[in-house]
Amino acid sequence: MFRPLRILLSNDDGIQAPGLFLLKQALERAGHAVFVCAPEKPRSACSHAITLHKPLRASEYGFSDGTTGFAVSGNPADCVVLGLDDLVGPVDLVVSGVNHGPNLGWDVIYSGTVAAAMEAVILGFPGIAVSTASYAPRPCYETAARVVAERVVAGFLARGLPHATLLNVNVPDLSYDALRGVRVTVQGERHYKDRMEKRIDPNGRPYYWIGGQIDERETADDTDLAAVNSGFVSVTPIDLDLTNRAFLPDLAGWGL
Ligand code: MN
């Protein structure tokens, strides 16, 4: 049943991020060949931006275990294009992460981590995005890495993924043994309060800071948010088609 996969690994926290290196190690321990192609600098919340108006450069980066990867002067989606088309070539799977911080609900829209997996899907390769659901300075990346390497990738190996679909995995910041299990989930909603802060600079001019607090509203039990909040790993299948099919008949009735 087991066969070693060729895996392209990327992220949006940059090639020096501990989450990437620990995921690389976990995937290699599981017997896979891992090729890293990641942004040279942190690029969180850049979503699916690609670089069109300036050249991209790739340079060799040395990991502490003596292996190397490619550090790219672009965004996560750029890394996946370069990796698959030139630097690494075709692979069996693209994995992105482990991201520092959750990618839950509507936040998936902003995520560079998810965008890397999405770019893989657009190019015809299966993709998995992985995040640890914690902004703690040093979350337990090892748990997320192990969940993906030993369970999610193993599941993918056995069953494959459907067309135009990636998996978005969020792992609670717990030790592996403290996890309550794995739940297959749907995307929840993500609302913010106090999204924008307006301040005045020393010259009396306003400036703005986007951030805000997450507004934890009640969400259904089957969501990614609910799973992670109750100590379960959340695995959500994400479809690239954003069409609201249920609304099609109504919209057709508008008589536009
Ligand atoms: Mn990030």
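# Close-up views of a predicted model

View 1. Once neighbours within four places in sequence are left aside, T165 is in contact with V121, P237 and I238.

View 2. Helix α3, which spans residues 112-122, is mostly covered, with nine of its eleven residues buried. The buried residues are G112, T113, V114, A115, A116, A117, E119, A120 and V121, and what covers them includes helix α2 (76-87) together with strands β5 (93-100), β6 (127-132) and β7 (165-171). At the start of the helix, a side-chain oxygen of S111 comes to within 3.1 Å of the backbone nitrogen of T113, and just after the helix G124 adopts a positive phi of about 95 degrees.

**View 3. The crossing of helices α1 and α4.** The axes of α1 (residues 18-29) and α4 (residues 141-159) come within 8 Å and cross at roughly 35 degrees, and the crossing is right-handed. On the side of α1 the contact is made by P18, G19, L22, L23, A26 and L27, and on the side of α4 by Y141, E142, A145, R146, V148, A149 and V153. Sorted by class, this contact has ten nonpolar residues, one polar residue and two charged residues.

View 4. Y176 and A145 are separated by 31 residues in sequence and by 9.8 Å in space, taken from C-alpha to C-alpha.

**View 5. The manganese site.** The manganese ion is coordinated by D12 (OD), D13 (OD), S44 (OG) and N99 (OD1), at 2.1 to 2.2 Å, and in sequence these donor residues follow the spacing D-D-x30-S-x54-N. Because D13 lies in the loop between β1 (6-10) and α1 whereas N99 lies in strand β5, the pair ties together parts that are 86 residues apart in sequence. Both D13 and N99 are buried.

**View 6. S10 in strand β1.** S10 has its place in strand β1 and is buried, with a relative accessible area of 0%. A polar atom of the S10 side chain lies 2.8 Å from the backbone oxygen of C37. When neighbours within four places in sequence are left aside, S10 is in contact with L20, C37, A38, P39, P76, C79, V80, V95, S96 and G97. Among these contacts, G97 is joined to V98 by a cis peptide bond, whose omega is about -5 degrees, and V98 lies in strand β5.

**View 7. S134 between β6 and α4.** S134 lies in the loop between β6 and α4 and is buried, having a relative accessible area of 12%. The side chain of S134 reaches the backbone nitrogen of A136 at 3.0 Å, and a polar contact of 3.2 Å joins the side chains of S134 and D173. With neighbours within four places in sequence set aside, the residues in contact with S134 are H100, G101, P102, P139 and D173.

View 8. A45, a residue other than glycine, has a positive phi near 65 degrees; A45 is placed in the loop between β2 (33-39) and β3 (58-62) and is exposed, with a relative accessible area of 58%. D194 likewise is not a glycine and has a positive phi of about 50 degrees. D194 lies in the loop between β9 (191-193) and β10 (196-200) and, at 63% relative accessibility, counts as exposed.

How values were computed
Residues are numbered from 1 along each chain as its sequence is written. This is a predicted model: local features need pLDDT of at least 70, side-chain atom pairs count only at pLDDT 80 or more; totals for chains, interfaces and linings use all residues. Side-chain values use heavy atoms; hydrogens and water are left out. Buried means under 20% relative accessible area, exposed over 50%, partly exposed in between (1.4 Å probe, protein chains only). Helices (H or I, at least four residues) and strands (E, at least two) are DSSP runs, numbered from the N terminus. Contact means heavy atoms within 4.5 Å. A polar contact is a pair of N or O atoms within 3.5 Å; within protein, one must be able to donate a hydrogen and the other to accept it, and residues adjacent in sequence count only if both atoms are side-chain atoms. Axes are lines fitted to C-alpha atoms, for helices over the stretch in contact, and angles run from 0 to 180 degrees between N-to-C directions. A crossing is left-handed if the near helix is turned anticlockwise from the far one by less than a right angle, and right-handed if clockwise. Ala, Val, Leu, Ile, Met, Phe, Trp, Tyr, Cys and Pro count as nonpolar, Asp, Glu, Lys and Arg as charged, and the others, Gly among them, as polar. Donors are N, O and S atoms within 2.8 Å of the metal (3.2 Å for Na, K and Ca); water is not among the atoms, so sites may look incomplete.
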